[in-house]
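Colleague: I am new to this structure and would like to learn how to read its features one at a time. Could you take me through them?

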Amino acid sequence: MTVFKKKLTLESHGTTPTFINITEELRAAIAESGIREGIATVISPHTTCAVFFEEFVHDVDETGTEFLQNDLNAVLEKIIPDQTDWNQYQYPGEEHYRAVERWPDAEAYLPGGDRTALWNCDAHLKATLIGSSETFDVTDGKLGVGTTGYCYFVDFDRTRARTRKCIIVVMGE
C-alpha cells in the first residue's frame, strides 16, 4: 500500500466564517499520488476548523459565500450563537486566559491584552459538530464523487484572519 501526503496552506479572513472550496486541490493530490484505487482523507489540524462534503452551489451572495454555506451558518447560529460576551459560554475561563497570557507569542492571541480576541467558543463548538475530516473514495485514479459533490474547508473563528493548514492523505494501490 502507498501513502501520499500533501499539506495545503489556506488563508481565513476572520469577521465571518471562511469557507474554502478545496476540491481541485484534492483532485490534484489524488492525481499526484499516482494511487489508482483507495481512499483520500482530508484533515484539519485546527480546533476551530472543519472539513465537509457538500453540493457545489452556483448562487453566491455579495461576499462570494455560497447560498448553502449561508444556510449552514444560519442553522448553526440557531444552535450555537456567535460568542459576543465573556459570560455567554463557560469557555474561555480565567485559567485559559492566564495560560495564554504566559505563552511566548501571547500578543498574537491577545493583541494589546484584549481578552475578547479569545471569544471563539462558538467556533470550537461548530467545528466539533461538523467534524475535522472527510474520507473519499478514489477509483481509477480519480475522486469518486458525483458531479456536484465538493470538498470544503471552513474556519469558523471570526476573531482574526489566519493562515491555516489542511492535510490530504491518499492511501491505496
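Modeller: Let us begin with a single side chain, Leu129, which is exposed at a relative accessible area of 51%, where exposed means over 50%, buried under 20% and partly exposed in between, with a 1.4 Å probe and protein chains only as cover. This is a predicted model, in which local features need pLDDT of at least 70 and side-chain atom pairs count only at pLDDT 80 or more, while totals for chains, interfaces and linings use all residues. Residues are numbered from 1 along each chain as its sequence is written, and side-chain values use heavy atoms, leaving out hydrogens and water.

Colleague: In which helix is Leu129 found?

Modeller: Helices are DSSP runs of H or I with at least four residues, strands are runs of E with at least two, and both are numbered from the N terminus; Leu129 belongs to helix α5, residues 121-130.

Colleague: What is the order of the strands in the open sheet?

Modeller: Two strands pair if DSSP finds at least two bridges between them, and here five strands form an open sheet in the order β1-β8-β3-β5-β6, with antiparallel pairing. The edge strands, each pairing on one side only, are β1 (2-12) and β6 (142-143).

Colleague: How many bridges join β5 to β6?

Modeller: Two bridges join β5, residues 133-139, to β6: Val138 has Leu143 as its partner, and Thr139 has Lys142. These strands form a hairpin with two residues between them, and Asp140 in the turn has a positive phi of about 55 degrees. Strand β3, residues 38-43, pairs with β5 over six bridges in the antiparallel sense, with Ile39 standing opposite Asp137.

Colleague: Which residues touch the most other members of the largest nonpolar core?

Modeller: A nonpolar core is a set of buried Ala, Val, Leu, Ile, Met, Phe, Trp, Tyr and Cys residues joined through side-chain atoms within 4.5 Å; in the largest one, of 21 residues, they are Ile22, Leu26, Val42, Phe153 and Val170. Another core lies apart from it, with 10 residues that include Phe19, Ala123, Ala127 and Phe156.

Colleague: What is Val170 in contact with, leaving aside its neighbours within four places in sequence?

Modeller: Contact means heavy atoms within 4.5 Å, and the residues that Val170 meets in this way include Phe4, Ile30, Ile39 and Val138.
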